[in-house]
Amino acid sequence: MSLQREEPKYFGAGPAVLPTSVLQQAAVDLVNYQNSGLGIGEISHRSGPAIQVIDDTKNLFKELLDIPDTHEVFFMQGGGTTGFSSIPTNLLASYAKKTGKKGKGAYVVTGAWSKKSVQEAQRLGVETQVLSDSSKTYGKFGKIQPFEEWEKPAEDAAYVYYCDNETINGVEFPFVPEYEGVEVVADMSSNILSRKIDVSKFGLIMAGAQKNVGLAGLTIYIIKKTLLEQASDDELKALGVPLVPIAFHYPTVVKNNSAYNTIPIFTVHILKLVLQNLVKQGGLDVQQKTNESKASKLYAALDAYPTVYNTPVKGDARSNMNVVFTIEGEGAEAEFLAAAKERKLEGLKGHRSVGGMRASLYNAVTEPATEALVELVKQFGEKHK
């Protein structure tokens with residue numbers, strides 16, 4: 001079987017397309033890693049080669065994001081949904097250590113994923129405060145309420161949580177909400193490494209790998225080291241703070257270099273290869289310009305035909321990663337998808353909860369693939385205007 005393939009034009013939101021060269025190298029390594037006679041997925045997660053993969057991947061993150069010494073990088077099994085559970089329990093444990101109090105979680109709800117995150121915190125028994133909810137303010141998701149209009153976090157807020165890029169609703173934050181004395185937590189599952197960020201502004205960054213930088217089954221965490229200091233189980237029980245399952249207990253995971261339990265080392269290796277490829281291509285300066293160029297071309301094409309395409313997200317809240325739109329007219333969306341399929345443009349159907357179209361322009365989506373989609377948008381627009 002050949003390891004060659006036609007370069008895909010796939011715009012699925014996740015699991016998403018990866019660079020072909022990464023998959024080709026991974027395929028070789030899955031059979032025989034570094035001529036060891038074993039595949040990368042067969043070696044012990046605590047062996048020397050596996051530890052090297054983990055360390056190399058962590059160091060690549062530190063290089064690409066210029067992560068300061070105040071922060072640590074680690075990996076855990078699962079995805080964003082795992083983070084919805086592990087973040088409030090770990091952050092409350094840190095707050096309890098610092099203050100001796102229970103604390104609460106403050107949330108900003110701008111789309112489906114941030115809504116799920118606050119619901120999970122509430123399910124776990126965490127007291128929550130919603131600082132802003134776009135669906136209540138504007139009647140639906142698609143806008144970000146101006147920062148100055150948000151409620152202020154309560155005095156006992158342990159953290160402020162937001163989703164930096166909402167894949168379903170096509171909303172991406174153009175700013176970082178900053179607070180004096182309150183840790184900021186961001187879900188960057190769908191835009192991690194798509195642009196430069198100032199990591200020092202965050203107490204914690206969580207990112208499921210499967211959307212922009214890797215395979216499903218692995219989550220990246222970048223945490224301020226002081227947040228790894230947590231109250232004891234007995235202290236947390238006395239305060240009524242829910243305990244963290246040991247596999248998702250951040251101090252334990254960090255102490256064991258992301259290998260307290262059996263980390264999916266093949267998935268970490270894929271992440272390492274993606275990051276090496278990103279460095280080779282010029283790092284985040286180059287990738288950010290490429291992503292901005294892809295998104296601007298697609299939005300411009302959609303905006304040029306306002307009687308054909310409806311783009312619900314306007315202004316600077318538009319996501320560079322997930323471009324959502326609907327098409328006016330009965331049967332028009334089915335016709336568009338059929339025309340896309342003829343051109344081998346796949347993965348464009350919107351999320352089942354909102355319908356419409358969604359083009360995910362993640363790092364591995366090439367400029368030629370994006371330009372092919374732009375050309376279809378223009379031709380379809382001309383036909384139906």
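Predicted model: local features only at pLDDT ≥ 70, side-chain atom pairs only at ≥ 80, totals over all residues.
Residues are numbered from 1 along each chain as its sequence is written, and side-chain values use heavy atoms, with hydrogens and water left out.

The chain divides into domain 1 (29-279) and domain 2 (282-384), with bounds that come from an automatic or database domain assignment. The C-alpha centres of domain 1 and domain 2 lie 29 Å apart. Their contact (heavy atoms within 4.5 Å) takes 23 residues from domain 1 and 24 residues from domain 2.

We turn next to the sheets. Helices (H or I, at least four residues) and strands (E, at least two) are DSSP runs numbered from the N terminus, and two strands pair if DSSP finds at least two bridges between them.

Another open sheet has 3 strands in the order 11-12-14, paired in the antiparallel sense. Strand 11 (309-310) and strand 14 (357-360) are at the edges with a single partner strand each, so one side of each is left without a neighbour in the sheet. Strand 12 (residues 322-327) pairs with strand 14 over 4 bridges, in the antiparallel sense, and F325 has M357 of strand 14 as its bridge partner. Helix 10 (residues 332-342) packs on this sheet and touches strand 11, strand 12 and strand 14, its direction making about 125 degrees with that of strand 12.

On a 1 Å grid over the protein atoms alone, a cavity is a set of points where a 1.4 Å probe fits but cannot get out, a pocket is an open set with protein on both sides within 12 Å along at least five of seven lines, and lining residues have an atom within 4 Å of a point. Grid points are joined across faces, edges and corners, and a volume is the space filled by probe spheres set on the points. The whole structure has 2 cavities of 30 Å³ or more. The largest cavity contains about 50 Å³, and its lining includes E172, R195 and E292. Helix 9 (residues 283-303) provides the largest share of that lining, 3 residues. Both domain 1 and domain 2 contribute residues to the lining, so the largest cavity lies between them.

The second largest cavity is lined by F75, M76, Q77, A247, F248, V253, S258 and N261, and strand 2 (residues 71-77) gives the largest share, 3 residues. By class, this lining has 5 nonpolar, 3 polar and no charged residues (Ala, Val, Leu, Ile, Met, Phe, Trp, Tyr, Cys and Pro count as nonpolar, Asp, Glu, Lys and Arg as charged, and the others, Gly among them, as polar).

The largest pocket has a volume of about 440 Å³. It has 19 lining residues, of which N277, Q281, Q287, N363 and A364 are the closest to its centre. The second largest pocket has a volume of about 330 Å³, and of its 23 lining residues, G14, W113, T167, Q210 and K211 are the closest to its centre. Domain 1 and domain 2 both give residues to this lining, so the second largest pocket lies between them.

Finally, a backbone detail. A cis peptide bond, with omega about 0 degrees, joins G14 and P15, and P15 is in the loop between strand 1 (9-10) and helix 1 (20-31).

Definitions and conventions: Axes fitted to C-alpha atoms, helices over the stretch in contact; angles between N-to-C directions.
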